[in-house]
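Colleague: I am new to this one. Could you put it on the screen and take me through its side-chain contacts?

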Amino acid sequence: MNTDQLCGLLAEPSRLRTYSAVVLGATTPDQVAGSTGLPTATVGKALQKLIKAGLVTAAPALAADEDAFKNAVRDQRPAWTPLDPDPDRDAVLKAFIRDGRLTHFPTYPDKLRIVLEHVVKSFDPDRSYPEREVNETLNHWHPDHAALRRELVDARLLTRTNSIYRRA
């Protein structure tokens, strides 16, 4: 089951409440009806759909597939494409970069350096960039482009002269 199917299945309030009751320990339709306040007929219909989809099993007692969410997300996660051929550097980049964006700044200097060396590859070493263009490029990496720009300059990966930047 993928995430769209899972969300679609639980988008109906009666099915969501029924599934929740089973997750919380209800093992019979009467217990589900009692804990959710739903009519028995509504619980029966909801359970039929949940059982058919494999989100709930009925024998010997009602039980929920609590791994369904984790499995749905895992199944849809794209395969990781290494950002660096060195496995140690790639592990650092994997920890801080998601979907081509920097999630947060590493606090350890060695890890920050690896991330900055990766980010600076966005700039052509044979070209000069006005500050506005640097900001636009860094905005693709992180919303705080000024902090990222400052880190790149402090690490001497970018040089700045009269608001013109070059890759070092």
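Predicted model: local features only at pLDDT ≥ 70, side-chain atom pairs only at ≥ 80, totals over all residues.

Colleague: With which residue does Lys70 form a salt bridge?

Modeller: The partner is Asp67, with the closest N and O atoms 3.5 Å apart. A salt bridge here is a side-chain nitrogen of Lys or Arg within 4 Å of a carboxyl oxygen of Asp or Glu. Asp67 is partly exposed too, at 38% relative accessible area.

Colleague: How many salt bridges does the structure hold?

Modeller: The structure holds 7 salt bridges. One of them joins the side chains of Arg127 and Glu133, at 2.5 Å from N to O; Arg127 is partly exposed, at 34% relative accessibility.

Colleague: And Arg149, which residue does it meet in a salt bridge?

Modeller: Arg149 pairs with Glu131, the closest N and O atoms being 3.7 Å apart. Arg149 belongs to helix α9 (residues 145-154) and Glu131 to helix α8 (residues 131-139), so the pair ties together parts that are 18 residues apart in sequence. Helices are DSSP runs (H or I, at least four residues), numbered from the N terminus, and strands are E runs of at least two.

Colleague: Is Arg149 buried or exposed?

Modeller: Arg149 is buried, with a relative accessible area of 12%, whereas Glu131 is partly exposed at 25%. Elsewhere, salt bridges with shared partners join Asp84, Arg89, Arg113 and Glu117 into one network.

Colleague: Changing topic: how many aromatic pairs are there?

Modeller: There are 2 aromatic pairs. In one of these, Phe123 and Tyr129 are edge-to-face, at 5.1 Å centre to centre with 80 degrees between the planes. Rings of Phe, Tyr and Trp (its six-membered ring) pair if their centres lie within 6.5 Å; planes under 30 degrees apart are stacked, over 60 edge-to-face, and the rest tilted. Both Phe123 and Tyr129 are buried.

Colleague: Last one: where is Pro85?

Modeller: Pro85 sits in the loop between α5 (68-76) and α6 (87-96), and is exposed, with a relative accessible area of 81%. The C-alpha atoms of Pro85 and Pro109 are separated by 21 Å, and these residues are 24 residues apart along the chain.

Terms used:
Residues numbered from 1 in each chain as written. Heavy atoms only, no water. Buried < 20%, exposed > 50% of the residue type's maximum accessible area, 1.4 Å probe, protein only.
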